[in-house]
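Welcome, and please take a moment to look over the sequence and the fold. The report below starts from one local feature and then widens out.

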Amino acid sequence: GDLAGALGALDAARSALAPDDATALAPAWAAILAALARGASPALLYFYEIMTHDGIALRDLGAGARTVVEPLLPPELDAETSNDSILATLRQMPRFAGRAWPPDNNDDECGHAERDGSRLRFEPRRSVREVCCRSSSSDATHDAAAAALAAARQAREPVVLRGVGAEWRATSTWSLDTLRSLRVAVCRVAPSHAVPFCRESHALVRTGRIAPPSVAVALDGHEMARRLDSPRRDETVYAQALAPRRLLADLDDLAYLSPHDRTTQAREVGVQPRPAFGHLPRIWASRPHTYSPLHYDAQDSHLIQVLGTKRLVLWPPSALPALDPIDDPADPLARRCRVDVLLPPRGEQTEGPSSSSDVAAPALDRAVVETALDTVLEPGDAIWFPSRWAHHTVALGGGGDLSISLSLREQDGTIVGA
C-alpha cells in the first residue's frame with residue numbers, strides 16, 4: 001500500500017513538474033525507495049537507478065529515507081576520491097566498519113599473476129547456433145530475428161542473431177563520451193579481472209562473515225568513464241548501469257524485440273511498432289580481459305553487443321551438476337558455479353610437460369568438456385539464451401579497447417527487466 005501510494009505521488013509530481021525543477025520529485029522518490037527498502041525488495045536498486053535518471057541523488061532525499069535506504073544501496077562516490085583506489089576508499093567509510101573485503105590481487109588463490117579470462121582449460125568443440133539477420137530491409141532483419149528467437153525459445157537452446165543491429169547508429173558512434181553522459185552509473189569493482197556478482201545487502205556480507213569478491217559503487221558518468229579510460233593496476237571497474245531511455249534511439253529502440261503485430265496494413269499507414277517492454281536495458285562496459293565468472297541466470301537473457309567483442313561459453317542445464325553451482329537463492333553468491341574452467345596464470349602449470357591440459361586443478365567432468373558451446377559477439381550481434389544455461393563471458397578487445405553490451409531479462413517471451 002505504501003509503495004502504490006508513493007508511485008501515484010510520483011506520477012502526480014511528474015505531471016506538475018516545472019522545467020528544471022527535478023528536486024520537486026525528491027519527496028515522492030524518498031517514499032518509494034523507503035517502501036522498497038522496508039520490504040527488502042530486490043527492485044530497490046532498479047528504482048534507485050530510475051530515480052537518478054530523474055536527476056535525484058541520495059543526498060537529495062530526507063534524512064529519514066536515507067537512514068533506511070543507504071545501507072542497502074551502493075555508496076555514491078564523489079570527485080574527491082577520483083585519484084584513489086575505490087576499494088581503499090570504501091574501507092575507510094564508517095558504514096562499512098567490520099566488513100570483510102575482497103582479497104588483494106596478490107593474495108588471492110591465483111597467486112601473483114593475473115588470470116586470463118579467455119584461456120579455458122579446454123577448447124569447446126561446438127559453437128552456438130547462428131542465424132544471419134543482416135539485411136538491407138529492417139523488416140527483413142526483424143522477421144529473421146523473430147523467427148530465430150521463436151525457434152530458440154521452443155527448443156530452449158541459445159541462438160546468436162548475427163548482424164541484427166548492424167545498421168544501428170550506436171555501433172559506429174558510441175564511445176566513452178556516451179558513458180560520460182550518464183548521470184549515475186552503478187559499477188562493480190574487484191581486485192582482479194574477475195568481477196562476479198555478490199548480493200552485498202545480505203547479512204553475511206554486511207556483518208563481515210563473508211568477504212564479497214566484488215563491491216558495487218555509484219559513480220557519475222564522467223568519473224566512471226575516466227576510470228575505464230585510465231584503469232588502475234590494482235582493481236577492475238565494470239560498469240553495469242541502467243541505460244537512459246534517450247539512448248535507445250541509437251539502437252533503433254531495439255525494434256527486433258517488438259510485438260509481432262507489425263502487419264502489412266500497419267506498415268502501409270505508417271504505424272510505428274511500439275517496444276514490447278517498458279523496462280530499460282542494462283549497459284555493461286569494461287576494458288578487455290574483464291570477465292564474469294561462471295554462473296547461470298534465473299530468467300532467459302538477451303545480450304546485445306554494441307562496441308568491441310565479447311566471448312561467451314555456455315553450458316546447458318544438464319551440465320549444472322558437474323559445474324557445482326550454489327543453488328540456494330538466499331546465498332549472497334547464489335547461482336555462481338564453483339568449478340574452475342580457466343587455466344591458471346601463465347607459468348603456473350604443474351611440473352612436467354608444458355601444455356594447456358597440464359594444469360594444477362582436478363580433472364574436469366566429461367559433461368563440462370562435451371556440452372560447452374562457444375561464440376564471439378561482434379558489434380551489432382545479439383544472443384538469446386535460456387535460464388539455467390551456465391555461462392562465462394569475457395571482453396576480448398576492439399572498439400578502442402572498450403566493450404559495451406546491453407542486457408535484458410525475459411520470462412515466457414516477455415521482457416521483465418534488465
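## A two-residue turn

Let's begin at a hairpin in this predicted model. Strand 14 and strand 15 form the hairpin, with two residues between them.

## Other partners of strand 14

Strand 9 (residues 300-307) runs antiparallel to strand 14, and seven bridges join the two. Here histidine 302 faces leucine 408 of strand 14 as its opposite residue.

Strand 7 (residues 282-286) also pairs with strand 14, again in the antiparallel sense, through five bridges. Arginine 282 sits opposite serine 407 of strand 14.

## How enclosed is it?

Is strand 14 (residues 403-411) largely enclosed or largely open? Eight of its nine residues are buried, so strand 14 is largely enclosed by the rest of the structure.

## The chain as a whole

Stepping back, the protein chain contains 13 helices and 15 strands. Of its 418 residues, 51% count as buried. The accessible surface of the chain comes to about 19,000 Å², and carbon and sulfur atoms account for 50% of that.

Taking contacts between residues at least 6 apart in sequence, 81% join residues at least 24 apart.

How values were computed: Residues are numbered from 1 along each chain as its sequence is written. This is a predicted model: local features need pLDDT of at least 70, side-chain atom pairs count only at pLDDT 80 or more; totals for chains, interfaces and linings use all residues. Side-chain values use heavy atoms; hydrogens and water are left out. Buried means under 20% relative accessible area, exposed over 50%, partly exposed in between (1.4 Å probe, protein chains only). Helices (H or I, at least four residues) and strands (E, at least two) are DSSP runs, numbered from the N terminus. Two strands pair if DSSP finds at least two bridges between them. Contact means heavy atoms within 4.5 Å. Accessible areas come from the Shrake-Rupley method with a 1.4 Å probe; for residues, only the protein chains shown count as cover.
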